[in-house]
Amino acid sequence: MSQLVDITITINGKTHSDSVEPRLLLSDYLRHGLGLTGTHVGCEHGVCGACTVMVDGEAIRSCLLFAVQVDGCALTTVEGLAPTGDELHPLQAAFHETHGLQCGFCTPGFLMTLVPFLDHNPDPDDDEIRALLSGNLCRCTGYLKIIEAVKLAATRRREQRVKP
Amino acid sequence: MKPAPFEYRRPEILDQALEILAEYGDEAKILAGGQSLVPAMNFRLAQPSLLVDINRLDELAYIDAGDNESNDGGLHIGAMTRQRAVECSSVVAESAPLIHQAMPYVAHVQIRNRGTVGGSLAHADPAAELPAILVALDARMRAQSKAGQRWLAASDFFTGLFATALRPEEMLVGIEVPRLADRSGHAFIEFARRHGDYAVVGVAVQVTVDSSGRCHSARVVLMSVGDRPIDAQAAAAVVSGQKPSVEVIREAAAIAGSDEIDPHSDVHASSDYRRHLARVLTSRALEQAFTRAGVRVE
Ligand SMILES: Cc1cc2nc3c(=O)[nH]c(=O)nc-3n(C[C@H](O)[C@H](O)[C@H](O)COP(=O)(O)OP(=O)(O)OC[C@H]3O[C@@H](n4cnc5c(N)ncnc54)[C@H](O)[C@@H]3O)c2cc1C
Ligand code: FES
Ligand code: FES
């Protein structure tokens with residue numbers, strides 16, 4: 001019988017307690033354990049960025065963390081961006097409007113990378129955006145529309161002076 | 001792929017962690033940021049039976065340029081300091097600008113948020129930035145075990161491909177970067193296929209000049225052209241004691257790209273192309289470093 005470890009994690013404001021095997025990846029815990037399938041798994045070795053979630057406010061690869069390691073942490077996944085489902089998060093709205101997505105497989109990872117980035121850097125230039133997005137792969141859009149989406153969201157956010 | 005089963009321990013303090021390493025030695029594997037170890041476990045290239053998660057050892061997460069006993073104004077960084085914290089630290093930017101300049105090249109933000117200084121050094125990838133930089137800066141590594149601690153020069157720490165001088169029961173707990181001399185200059189340049197990828201070739205240079213503008217000391221360390229960071233001493237010797245000129249720099253760079261390295265060929269670059277890059281990047285880096293040290297290179 002393999003070891004089981006008790007964990008308590010807050011995800012999108014809701015607290016979950018479980019007993020998990022140490023080898024369970026956080027990405028699998030979110031998807032299979034909790035049914036939060038918005039977090040996507042592309043490569044499972046840290047390269048594609050699709051599995052990015054926020055752990056205590058920072059963008060992190062969920063395929064390179066074990067669920068036991070986030071015991072006591074507060075997480076946000078893509079499901080937490082538009083909790084009611086009625087209205088898109090401003091960043092999601094910007095992706096929608098600029099065609100920043102096609103198949104959408106990569107989109108949750110981009111969003112969860114960008115939310116904390118725009119908090120730290122509300123007025124990024126093209127080079128900063130490109131450097132940041134180097135950690136996320138998209139096989140459809142060619143990236144230009146994604147860069148447009150980031151700029152649109154950043155501009156609106158500055159104009160409205162509200163936190164997206 | 002999923003990792004094979006393992007036993008998980010999460011010590012709260014360093015002594016507990018060292019106790020576990022003393023008991024289990026080779027069987028235990030340290031889990032720091034996990035950004036190199038977990039991919040290897042996902043592929044089952046690594047199948048440790050016991051994982052010692054040191055992420056709760058807050059005592060190993062620090063950046064300190066103050067004066068204390070062993071510290072002549074040098075910069076001390078704890079092994080569990082996240083790469084992103086080093087990148088954003090004004091203390092590091094001031095006391096070790098070479099580290100500051102190179103940090104954005106280490107992987108991507110999401111990985112630097114989690115990856116640690118100690119993990120990058122212990123992993124000892126010949127294409128990684130931090131190992132080369134610490135050799136260029138003449139840094140020292142502090143290894144600790146239950147039996148005590150020892151300091152290792154960065155140049156003795158890296159012993160081969162993914163290999164270090166650490167013993168199985170030892171943990172890398174911190175590094176010390178000596179205080180910068182007056183009139184010093186640095187440069188870091190790498191060529192990679194994509195921002196954040198491991199370098200095809202990279203070079204770290206640290207120089208000091210005397211009051212007349214002659215080169216007093218130089219370190220040229222190349223990445224991704226051998227099984228560990230390559231300290232190009234013959235190239236550095238060409239500029240040492242000389243007034244830095246375009247000609248002298250060109251001669252040093254030619255040596256860095258030929259006799260001193262034995263680069264491999266892979267899908268990204270042939271051995272010859274790596275030699276070419278080593279030469280070109282060394283030349284640019286030396287010029288930048290001398291310019292930063294206040295010398296006009298003509
Ligand atoms: C997609 C991707 C791209 C990357 N690109 C780059 C890059 O361009 N440049 C670069 O330098 N790195 C790159 N990395 C690697 C990254 O920087 C890792 O964070 C780093 O190599 C390992 O640090 P870690 O803290 O994550 O260590 P871990 O993965 O936890 O550990 C790595 C190894 O070191 C050992 N170890 C860890 N800490 C200690 C310690 N204190 N004492 C003794 N042994 C220890 C572990 O047992 C393990 O064997 C990349 C990683 C990914 C996934
Ligand atoms: S699935 Fe995690 S980075 Fe690709
Ligand atoms: S939209 Fe299809 S991978 Fe990005």
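A:Asp28 and B:Lys2 form a salt bridge, with their closest N and O atoms 2.7 Å apart. A:Asp28 sits in helix H1 (residues 26-33) of chain A and B:Lys2 in the segment before E1 of chain B, so this pair joins two chains. Please keep in mind that you are looking at a predicted model.

**Salt bridges and polar contacts between the chains**

- Three salt bridges are counted between chain B and chain A.
- Another salt bridge to look at is the one where the side chains of B:Arg10 and A:Asp71 meet, at 3.4 Å from N to O.
- Across the interface of chain B and chain A, 17 residue pairs are in polar contact, both residues being at pLDDT 80 or more.

**The interface as a surface**

- The size of an interface is often given as the accessible area lost when the parts come together.
- Here chain B and chain A bury about 2500 Å² between them, and 54% of it is on carbon and sulfur atoms.
- Three residues, B:Tyr8, B:Gln110 and B:Arg114, supply 24% of the area that chain B buries against chain A, which is more than any other three residues.
- Chain B brings 31 residues to the contact, and chain A brings 29 residues.

**Which parts of chain B face chain A**

- In the interface with its 17 residue pairs in polar contact, four elements of chain B each supply at least two residues of the side that touches chain A: strand E1 (7-9), helix H2 (37-42), strand E3 (50-53) and helix H6 (109-112).
- H2(B) provides the largest share of that side, with four residues.
- Sorted by class, the side of chain B that touches chain A holds 14 nonpolar, nine polar and eight charged residues.

**The site of ligand 1**

- Residues from chains A and B surround ligand 1, so the two chains share the site.
- There are 33 residues around ligand 1, and B:Ile30, B:Gly34, B:Ser36, B:Thr116 and B:Glu129 come nearest.
- By class, the shell around ligand 1 divides into 17 nonpolar, 13 polar and three charged residues.
- Strand E2 (28-31), helix H7 (117-123) and strand E10 (171-177) of chain B each supply at least two residues of this shell.
- H7(B) gives the most to the shell, with four residues.

- B:Glu129, one of the nearest residues, has a side-chain N or O atom 2.7 Å from a nitrogen atom of ligand 1.
- On the backbone side, an N or O atom of B:Ser120 lies 3.3 Å from an oxygen atom of ligand 1.
- A backbone N or O atom of B:Gly196 is likewise 3.3 Å from an oxygen atom of ligand 1.
- Ligand 1 exposes 970 Å² when taken alone, and the protein buries 94% of that.

**A loop residue in chain A**

- A:Asp123 is placed in the loop between helix H3 (107-120) and helix H4 (126-133) of chain A.
- Leaving aside residues up to four places away in sequence, A:Asp123 touches A:Glu128 and A:Arg158.
- With A:Arg158, the side chain of A:Asp123 makes a polar contact, side chain to side chain, at 3.1 Å.
- The C-alpha atoms of A:Asp123 and A:Val150 are separated by 9.9 Å, with the two residues 27 residues apart along the chain.

How values were computed. Residues numbered from 1 in each chain as written. Chains lettered and ligands numbered in written order. Predicted model: local features only at pLDDT ≥ 70, side-chain atom pairs only at ≥ 80, totals over all residues. Heavy atoms only, no water. Near = heavy atom within 4 Å. Polar contact = N/O pair within 3.5 Å; in protein donor to acceptor, adjacent residues only side chain to side chain. Areas by Shrake-Rupley, 256 points an atom, 1.4 Å probe, with all protein chains shown as cover. Nonpolar A, V, L, I, M, F, W, Y, C, P; charged D, E, K, R; others polar. Contact = heavy atoms within 4.5 Å. Buried area = accessible area lost by both parts, 1.4 Å probe. Salt bridge = Lys/Arg side-chain N within 4 Å of Asp/Glu carboxyl O.
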